Amino acid sequence: MSSSLFSIPSFRLRSPALLSPPPSSRFDPRSLRPIPSFSLLPQRAFPSFRCFSLTAMADSAVDSGMDAVQRRLMFEDECILVDENDRVVGHDNKYNCHLMEKIESENLLHRAFSVFLFNSKYELLLQQRSKTKVTFPLVWTNTCCSHPLYRESELIDENALGVRNAAQRKLLDELGIKAEDVPVDDFTALGRILYKAPSDGKWGEHELDYLLFIVRDVKLEPNPDEVADIKYVNREQLKELLRKAETGEDGVKLSPWFKLVVDNFLMKWWDHVEKGTLKEVADMKTIHKLV
């Protein structure tokens, strides 16, 4: 980091053990975004510092062309940092978590989830990501892909409840699906994958991704800031989409995490979706490291 005549330190704790109990958040009901509540740190805690240098300010200026909604989320949303065993080690904003420079130099790994929603005809709902998305714009992917945030309700590890709470929140945010139409108890957590994927020269993903399946008929009202298009597909239609992505036909592209799930799990799990036996294949003990 280059030096400057002045810098403004901010705190980032790398270990949740430094704070007990975990931090809570107050919520602004108008935005449903967490507003951090601050408390004095115990004297034994020695936080690390981040300094906003002239270089950082220059980087921020370069990003001024970023869509306003995506830019706000990049700096407001605090992702959960984990190690490769899915143990929480801290938190950082979405911006830093998706910078390939940070991912490579600091090995930043954050918790994520991917929702696969099927209707009563056992068709899978896909979305095409908005063109304003910072990572992987306009690619086709599974129903909803996002991150649990560093807040009390989404840090609950028991039965992946925190991740399921986050999935319910983002289905409303991205697709307009009401919470009562996707009860958290109806999500089945089938497994976890760990992967790294660059998006372009600057941005990328390094995620420990929870795979959540649910079968529900829902009303959809896609948010154009998040979603460019949606469609339900059966198995044959998905295979055709995969063929187009492989050949580049019609400019079709798939997200790397979706392609990994398709190649390793989806078709055999689809059988259990139709049979109503998803719990038989759930494995939340293994973390599959995929490339």
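Start by selecting P183, which is partly exposed at a relative accessible area of 26%; here buried means under 20% relative accessible area, exposed over 50%, and partly exposed in between, with a 1.4 Å probe and protein chains only. The model is a predicted one, in which local features need pLDDT of at least 70 and side-chain atom pairs count only at pLDDT 80 or more, while totals for chains, interfaces and linings use all residues. Residues are numbered from 1 along each chain as its sequence is written, and side-chain values use heavy atoms, with hydrogens and water left out.

**Around P183**

P183 sits in the loop between helix 5 and strand 11, where helices (H or I, at least four residues) and strands (E, at least two) are DSSP runs numbered from the N terminus. Show its surroundings and, setting aside residues up to four places away in sequence, you will find that P183 touches Q168, I214 and R216, a contact being heavy atoms within 4.5 Å.

**The whole chain**

Zoom out to the protein chain, which has seven helices and 14 strands. Of its 291 residues, 46% are buried, and among contacts between residues at least 6 apart in sequence, 69% join residues at least 24 apart.

Next select strand 7 (110-118), which is largely enclosed by the rest of the structure because nine of its nine residues are buried. H110, A112, S114, F116 and F118 point one way from this strand, while R111, F113, V115 and L117 point the other way. Two strands count as paired if DSSP finds at least two bridges between them, and strand 7 pairs with strand 12 in the parallel sense over nine bridges, with S114 standing opposite L211. Strand 7 also pairs with strand 10, this time in the antiparallel sense over three bridges, and there the bridge partner of F113 is S146.

**The nonpolar cores**

Now colour F116, L124, F213, L238, F258 and L266, the residues with the most contacts inside the largest nonpolar core, which has 32 residues. A nonpolar core is a set of buried Ala, Val, Leu, Ile, Met, Phe, Trp, Tyr and Cys residues joined through side-chain atoms within 4.5 Å. Strand 7, strand 8 (124-129), strand 11 (188-198), strand 12 (204-215), helix 6 (235-247) and helix 7 (256-275) each supply at least two residues of this core, and helix 7 gives the largest share, with 10 residues. Centre the view on L124 and, leaving aside its neighbours within four places in sequence, look for its contacts with F116, L117, F118, T143, K231, Y232, V233, F258, L266 and W270. A second, separate core has 28 residues, among them L155, A166, L212 and I287.

**The cavity**

A search of the whole structure finds one cavity of 30 Å³ or more, and about 240 Å³ of space lies in this largest cavity. On a 1 Å grid over the protein atoms alone, a cavity is a set of points where a 1.4 Å probe fits but cannot get out, and lining residues have an atom within 4 Å of a point; its volume is the space filled by probe spheres set on the points, which are joined across faces, edges and corners. Of the 26 lining residues, select K94, R129, K133, C145 and H147, which lie nearest the centre of the cavity. Helix 2 (68-76), strand 7, strand 10, helix 5 and strand 12 are the elements that give two or more residues to the lining.

Move to strand 5, which is mostly covered, with four of its five residues buried. Strand 5 pairs with strand 6 in the antiparallel sense over five bridges, and the bridge partner of L81 in strand 6 is G90. The two strands form a hairpin with five residues between them, and D86 in the turn has a positive phi of about 70°. D86 is buried, with a relative accessible area of 8%.

Finish at A160, in the loop between strand 10 (144-146) and helix 5 (161-175). A160 has a positive phi of about 55° although it is not a glycine, and at 7% relative accessibility A160 counts as buried.

Methods: 1 Å grid on protein atoms, 1.4 Å probe; cavity = no way out; pocket = protein on both sides within 12 Å on 5 of 7 lines; lining within 4 Å.
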